[in-house]
Amino acid sequence: MAEIYNPGSVSQPLVIDDDDGYESLSGIKHELEEGHLLLEERFDVDDVFEVDEYGNEVNPFEELDQEYRAEGRLEGDLYEVIDLTEDADDNAATSRPRTATASDEDILQYWTLDDGLLLTPHMTVELRPSVDQEAIEFLRILFIVKITEPERTFVVLRGWGFRRSRNFQGCLPKKLNEVCLIAKMKTSDKRGWKEQALIDVDPRQVMMLRDLRMTNADFPDHRFNANEYHRLGKEMIKESGPLVCRWRKEEHRHPRTKTACEFAFVRLSEDEVDDRYRVKDAQMVNRWRGGVVPGGSHIPNRDSPGLVLDLEDEGSEQASDLQPGQRYTAADIFAGAGGASRGIERSGCRLLFSLDHWEPAARSLRRNFPGTHIYQKEVTDFVTEDLPPEHSYPDILHLSPPCQFWSPAHTVAGKDDEKNIAVLFSCTDLIKKLRPRVFTVEQTFGLVHDRFRLYFHTFLQGFTSHGYSLRYKILHLNQYGLAQTRRRLVIIGAGPGEKLPPFPPPTHSKTPEVDGLRPVVTPYQALLAIKRIKSGHPMHNLATVHRFDPPKRPWDPSKPVNTITCSGGQNYHWLGERQFTDLEYAVLQGFPRWHQFSETNVKKQIGNAFAPSVVRVLYEHLIRFLRKQDGVAGSYLPPSSSSGDSSPIAIPDSDEERDELQFLGLGGLGTKDQPMKLDDEEVEYLGESARGWSATMTGRWDGGREGAGRRARCEARGYEVDADGWPEYREEDFMELDAGTMQDPVIIDWET
């Protein structure tokens with residue numbers, strides 16, 4: 001294993017901290033070498049259903065497809081430790097905040113323990129050991145509260161709880177006397193972490209006083225004195241030396257299920273630490289990446305990437321308006337066929353480069369992004385090579401490293417296991433090399449299961465070891481406009497000195513009348529985008545698509561399709577008569593209909609992708625967040641995309657503004673100030689989607705077992721139904737709408 005993971009060398013030694021024991025290192029080595037033995041059961045694969053273009057039942061990408069099937073088998077275990085429900089809890093009732101002025105509580109100035117120890121607010125105490133592995137070890141006292149109840153009166157110490165960083169199962173670097181603040185929060189509670197993190201402790205649990213230093217400085221600043229360590233020894237420093245807190249762990253819990261649904265490891269910022277140990281956040285940014293370009297590093301017609309603002313120079317003037325064409329820059333690693341790249345580009349970011357080593361994926365990337373540099377190489381080679389200046393330090397970085405080794409279906413050692421593990425650990429090298437302000441990661445949600453804890457937590461430490469804050473959550477992608485039951489683990493990270501963005505709020509809901517969101521997108525609605533594409537399209541040839549004999553059972557296209565896998569998954573057209581075409585799979589996966597794929601392994605390219613429509617929502621959200629942090633305003637349209645799509649793209653200034661925009665899924669967004677240009681084909685599609693039969697239907701679509709009920713209802717409304725199950729539109733169902741021009745644009749919002 002040493003030859004692969006290179007744990008240390010003369011130039012890059014492996015540093016073992018004074019709190020890193022032999023047991024932890026040997027445990028990691030053992031589990032890495034015997035990773036396939038961590039799985040306690042082998043999942044059956046007899047239920048695999050795939051049909052190729054010729055009707056043969058095959059599964060050429062069995063291991064990748066099993067990943068999604070095995071996720072379902074893990075669900076039962078995951079429900080015990082993480083919330084997987086789709087409930088929108090933002091409107092749930094908020095619990096009554098604890099306040100120091102409640103009628104049954106009195107604030108005391110001090111409290112004396114039985115042994116004579118005097119406690120006052122702002123002291124830190126060590127608590128007696130507990131058998132609970134997640135128990136609080138230290139408490140910073142903020143209030144001493146006397147509580148009066150009908151039958152008793154007692155005193156509690158109210159404050160923030162801390163645990164040693166070494167006790168977070170590898171998510172944080174294991175350093176002697178480094179601690180992490182614990183904040184358990186409710187998603188429905190609108191208070192900040194400082195209020196929600198407060199806990200009550202019985203004074204009898206206090207063991208001794210400790211010196212705690214809360215700082216946003218880098219390790220090892222402000223820790224114990226090295227001379228004291230050598231004089232007193234490790235155990236004495238551990239028992240009585242100063243404690244240092246640089247991190248906060250957040251657990252966001254669902255108010256109904258009480259289980260955690262989101263986690264975060266957050267570096268403390270300058271407004272959250274002790275005055276004595278404060279460093280300016282701007283100084284942290286400068287140390288890490290040399291400053292930032294407010295509003296984005298890409299400014300057209302400039303030889304350099306842009307003026308890097310020295311955030312520590314109080315005399316420098318921070319730009320308040322975007323420059324013409326200015327955009328945030330981004331890069332996509334493990335890009336595949338360009339799912340994330342497409343979403344990033346359409347969000348308004350300037351895509352600097354994409355990387356993938358697989359030839360079919362690289363060909364697709366070159367076809368779709370001719371203005372973007374495509375690296376076709378192993379990521380382990382990429383991290384050791386010098387980059388041109390224009391590719392250094394993108395504002396945002398996306399990573400989707402291969403996760404087959406962590407898949408629940410992976411039960412025996414494979415020829416690529418060592419390679420995949422090396423790729424896993426290369427992510428920390430990527431972060432160190434590219435130093436983005438913000439990064440995103442997309443993975444299988446099975447990684448959060450306890451059986452993969454070692455690998456997942458090691459992956460997280462690859463970011464936290466460089467000072468990156470991160471939050472992670474299992475997202476239901478149908479809440480962001482995807483017509484699938486797809487769920488993915490998504491991580492958002494922020495570099496030293498940067499604020500950590502939240503997740504974007506859902507845009508779609510099963511109960512829009514309650515949540516005020518858009519209704520979830522159905523497969524029927526999603527495929528309206530290709531209704532008018534003529535048969536014979538290379539990815540949508542209805543004459544050659546496989547048809548079932550006998551037909552399969554029809555299903556309701558108002559329900560989401562199953563997760564689309566590398567060979568399509570257990571999906572077929574809702575009439576039960578044929579498979580979906582590759583183009584239909586791509587659109588259902590969130591690709592615009594004009595995205596191109598190289599001819600080899602098309603379904604694998606589609607199934608591997610991070611849904612572009614979801615990525616677009618995520619990155620528009622990140623752009624708005626960064627603009628707010630940078631203090632810039634303005635909304636200049638980016639130039640034409642690399643794909644050749646000439647429709648301008650406007651970035652909404654808020655999540656709410658989306659409600660006033662018409663999103664076609666093929667031409668971008670338009671506002672009155674930044675209009676969208678439509679061609680004849682797009683106008684025709686808009687007429688169908690906005691005024692067509694599908695939008696005026698009432699009730700749930702129900703095809704019936706044999707489709708007879710559906711056809712009868714269509715005919716009763718005066719519609720003809722073609723051989724593929726599509727209603728033939730009537731002339732009166734379309735509004736009159738001419739294509740716009742740049743001089744005489746078409747203005748579209750929801751009222752059009």
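**Aromatic rings in a predicted model**

Biologist: Which residues do ring pairs link into a cluster?

Modeller: This is a predicted model, so take the contacts as computed ones. Ring pairs join five side chains here into a cluster: Trp-288, Phe-439, Phe-459, Phe-463 and Tyr-468.

Biologist: And what charged end sits over the ring of Trp-288?

Modeller: A charge counts as sitting over a ring if its Lys NZ or Arg CZ is within 6 Å of the ring centre and within 35 degrees of the ring normal. At 4.1 Å from the centre of the Trp-288 ring, the residue that qualifies is Arg-435.

Biologist: How many residues apart in sequence are the parts that Trp-160 and Trp-193 tie together?

Modeller: The structure holds 18 aromatic pairs. Trp-160 and Trp-193 make a tilted one, 5.1 Å centre to centre with 40 degrees between the planes. Trp-160 is in strand E6 and Trp-193 in helix H4, so the separation of the parts they tie together is 33 residues.

Biologist: Is Trp-193 buried or exposed?

Modeller: Buried means under 20% relative accessible area. Trp-193 comes out at 9%, so the label is buried.

Biologist: What kind of aromatic pair do Phe-548 and Tyr-572 form?

Modeller: Planes over 60 degrees apart count as edge-to-face. Phe-548 and Tyr-572 have 85 degrees between their planes, at 5.8 Å centre to centre, which puts the pair down as edge-to-face.

Biologist: Where does Tyr-572 lie?

Modeller: Phe-548 and Tyr-572 tie together parts that are 24 residues apart in sequence. Tyr-572 is buried at 16%. Its place is the loop between H14 and H15.

Key: Residues are numbered from 1 along each chain as its sequence is written. This is a predicted model: local features need pLDDT of at least 70, side-chain atom pairs count only at pLDDT 80 or more; totals for chains, interfaces and linings use all residues. Side-chain values use heavy atoms; hydrogens and water are left out. Rings of Phe, Tyr and Trp (its six-membered ring) pair if their centres lie within 6.5 Å; planes under 30 degrees apart count as stacked, over 60 as edge-to-face and the rest as tilted. Helices (H or I, at least four residues) and strands (E, at least two) are DSSP runs, numbered from the N terminus. Buried means under 20% relative accessible area, exposed over 50%, partly exposed in between (1.4 Å probe, protein chains only).
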